[in-house]
Every structure is written in structure tokens, then in C-alpha cells.
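Hi,

Here is the model I promised to pass on.

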Amino acid sequence: MAGLDDILNALPIDEIASKLGVDPDTAKKAVAEGGATILGGLQRNAQTPEGSAAIQQALGKHTGMPDTVDVNAVDTDDGQKILGHIFGSQEPEVAQKLTEAPQTAGIDFGKLLPMLAPIVMGLLAKKQQPEAQQQAAEGSGGIGDVIGGLLGGGGSGSGGGIDLGGILGGLGGLFGGGKS
């Protein structure tokens, strides 16, 4: 899955493992699961015109991400705001479900997700420009397509792991317009 590989390649997994108090393999799995969850939430939000416009606006604030990330320089307050926009008031529930998953047991996703969110947004902003040009030429497009490309088309069977649909689907009407 190229998008998640991009996230993994941009991060110093050893530093994240150290911050989380786990081994690098566990940290790598957690980053992949957390990144997929954030991308999945973004993809669901991008399915509405309002959500897509909000994501486009947010991406404008996250341009210029370097090829490698200094974990200590990541703005986790910004990450918390991003998660609030993606998951609304159910962000703690998403983090808890990920924390309880057997393959990433011991990871505090309440700490990890705010670290990952600005990185994911930076990667999306970076990928959006060339893909937007290509999509315009092909007559397709939209931020949902860019996010879907990072998720590998949203298909399952890629590396096994957290049931993203179960996590996000279990959040009820949060995505798709239930914000009144």
C-alpha cells in the first residue's frame, strides 16, 4: 500500500517506538494502523461536498512537508485539532478501539494519533498537487480519489490488521453529514 508505505518511510520508527515505550515492530504496526484509520476518516469526510472542501482548505495549511519527519517537531496540538475535525467527539472512542486491538496492544493511540495526523495531512498535501494535475487531465478527480489512492483503493486484504470499517462504521452517523 503505497500511501501507508509513504507514511512509514517518512517517520523515524525507532524514535516513535522510544516515545511510546514499545519495540520498533510494534510501533511500525501501530503507525500503519493509525495512519490507515486517519486516512479512512478523511475518505469518509471527503464523500460530502462540505467535507471535501474542508479537507482541501486544511491541506493548504500543511504544505511543505519534508521527506523525513522530526517527531519532536510535530505539532501534536494541531494533530489533536485535525483529529477533532475528522472524528468529531468520537475521537477518544477511535483511539480506544485501536488501543484495545490485539495486534497493537500496549500502544497508546491517544498519544500516537495526534502525532500522525499532521504527518498524514502533510503527505496528502504533497501528493495532491501532482495527482490533481493528472486527474484534471483525465477528467476525474477530487480529494477522495487522492485519499483512496493512499489507502490503496480502500480495499481489504493488504497486510491484515485493524478492521477499519468496523471502527469507523461503528461510529454511527458521525461521517456523512450527521453534524447538526
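Below is what I found, going from the whole chain down to single residues.

First, the ground rules. This is a predicted model, so local features need pLDDT of at least 70 and side-chain atom pairs count only at pLDDT 80 or more, while totals for chains, interfaces and linings use all residues. Residues are numbered from 1 along each chain as its sequence is written, and side-chain values use heavy atoms, with hydrogens and water left out.

**Overall picture**

The protein chain has nine helices and zero strands, so from the N terminus on you read α-α-α-α-α-α-α-α-α, with elements taken as DSSP runs (helices are H or I, at least four residues; strands are E, at least two) and numbered from the N terminus. Of its 180 residues, 43% count as buried; buried means under 20% relative accessible area, exposed over 50%, and partly exposed in between, with a 1.4 Å probe and protein chains only. The accessible surface comes to about 8700 Å², and carbon and sulfur atoms hold 48% of that (Shrake-Rupley method, 1.4 Å probe; for residues, only the protein chains shown count as cover). Among contacts with a separation of 6 or more, 79% are between residues 24 or more positions apart, where contact means heavy atoms within 4.5 Å.

**The core**

The largest nonpolar core has 44 residues, and Leu 11, Ile 16, Val 31, Ile 38 and Leu 112 touch the most other members. By nonpolar core I mean a set of buried Ala, Val, Leu, Ile, Met, Phe, Trp, Tyr and Cys residues joined through side-chain atoms within 4.5 Å. At least two residues of this core come from each of H1 (2-10), H2, H3, H4 (49-60), H5 (76-87), H6 (91-100) and H7 (109-138). H7 gives the largest share, 12 residues. As for Ile 16, its contacts are Leu 11, Ala 27, Val 31, Val 71, Leu 112 and Met 115, not counting residues up to four places away in sequence.

**H2 against H3**

The axes of H2 (residues 13-20) and H3 (residues 24-45) come within 8 Å and cross at roughly 95°. That makes H2 roughly perpendicular to H3. For the record, axes are lines fitted to C-alpha atoms, for helices over the stretch in contact, and angles run from 0 to 180 degrees between N-to-C directions; under 35 degrees is roughly parallel, over 145 roughly antiparallel, 65 to 115 roughly perpendicular, and the rest oblique. H2 makes the contact with Ile 13, Asp 14, Ile 16 and Ala 17, and H3 with Pro 24, Ala 27, Lys 28 and Val 31. By class, the H2 contact with H3 has six nonpolar, no polar and two charged residues (nonpolar: Ala, Val, Leu, Ile, Met, Phe, Trp, Tyr, Cys and Pro; charged: Asp, Glu, Lys and Arg; polar: the others, Gly among them).

- Gly 34 lies in H3 and counts as buried at 0% relative accessibility. Leaving aside neighbours within four places in sequence, Gly 34 is in contact with Phe 109, Leu 113 and Leu 116.
- Val 22 sits in the loop between H2 and H3. Beyond four places in sequence, Val 22 is in contact with Ala 17, Ala 27, Gly 106 and Ile 107. Its C-alpha is 9.9 Å from that of Thr 104, 82 residues apart in sequence.
- Leu 59, in H4, counts as buried at 1% relative accessibility. Leu 59 and Met 121 are 62 residues apart in sequence and 6.2 Å apart in space, C-alpha to C-alpha.
- Val 69 belongs to the loop between H4 and H5 and counts as buried at 12% relative accessibility. Not counting residues up to four places away, Val 69 touches Ala 10, Leu 11, Pro 12, Val 74 and Ile 119.

Cheers
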